[in-house]
Amino acid sequence: MSVGLAPGTAASTLSLPLLKRVRDRHPSILLYLNENFGTTLSELIMNGRMDMAVLYGGREVHGLSFVPLIREQLYLVSAQDTLQGCEEIALAELADIDLLLPRTYNTIRRLVDEAFVRIERSARVVAEVESSTTLAAAVADRFGSTILPESAARVLADTHAVNLSRIVEPEIEAPLALCLSGHLPLSVPAQAVKAILLELVAEMRGNRRTE
């Protein structure tokens, strides 16, 4: 029974609770967790090599179905002195900042590019990085700044001296969704894991409302 989780996302925080709850309720289910980028995970599901995945996106794709989970706001993550203490930043101001972003097929990159188009500006991308380790090191070294969903941004801030600025004017939100095969039925164990996963997401939403 395989579940994919996009790295550095709110999905990553579900991995340990998911392992524990599945083992408590269904000890006979052997759970396989795979952290990988959304495009890779969706291809595995489409090919029948993975049961489900939690990833950013949700646009209809032939052969896949998506269950919306939560929406996360995007943040500028930077170690630059000029941005320290800056809690919010207008998107137009990012046009003058060196950015490290994933490649154009990535959902977060697409959301950022589309937002820049709406304000008739463009991002100053100095490198395309999809390794979370390299990205964190480059941002901490002030080689450039990056844009991440809130959960991923806070994970990076827990281990590096960086500032988080919520992007506004306009705000940008990334939809997190449960991705399933559109034509292959879930096995009984997979249905049980899906129910637990949705239960954990509902608890996460409830916790966010009380913060």
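I started with Leu 186, which I found in the loop between strand 10 (173–181) and helix 6 (188–210). Helices (H or I, at least four residues) and strands (E, at least two) are DSSP runs, numbered from the N terminus.

A note on sources: this is a predicted model, where local features need pLDDT of at least 70, side-chain atom pairs count only at pLDDT 80 or more, and totals for chains, interfaces and linings use all residues. Residues are numbered from 1 along each chain as its sequence is written, and side-chain values use heavy atoms, without hydrogens and water.

(Buried is under 20%, exposed over 50%, partly exposed in between, with a 1.4 Å probe and protein chains only.)

Next I listed contacts, meaning heavy atoms within 4.5 Å. Beyond neighbours within four places in sequence, Leu 186 contacts Asp 51, Met 52, Leu 180, Gln 191 and Lys 194.

I then checked the domains, whose bounds come from an automatic or database domain assignment. Domain 1 is 2–69 + 175–208 and domain 2 is 72–173. Their C-alpha centres lie 26 Å apart.

Last, the cores: sets of buried Ala, Val, Leu, Ile, Met, Phe, Trp, Tyr and Cys residues joined through side-chain atoms within 4.5 Å. The largest has 44 residues, and Leu 18, Val 54 and Leu 74 are among those touching the most other members. Helix 6 gives the most to this core, eight residues. Each of domain 1 and domain 2 supplies at least three.
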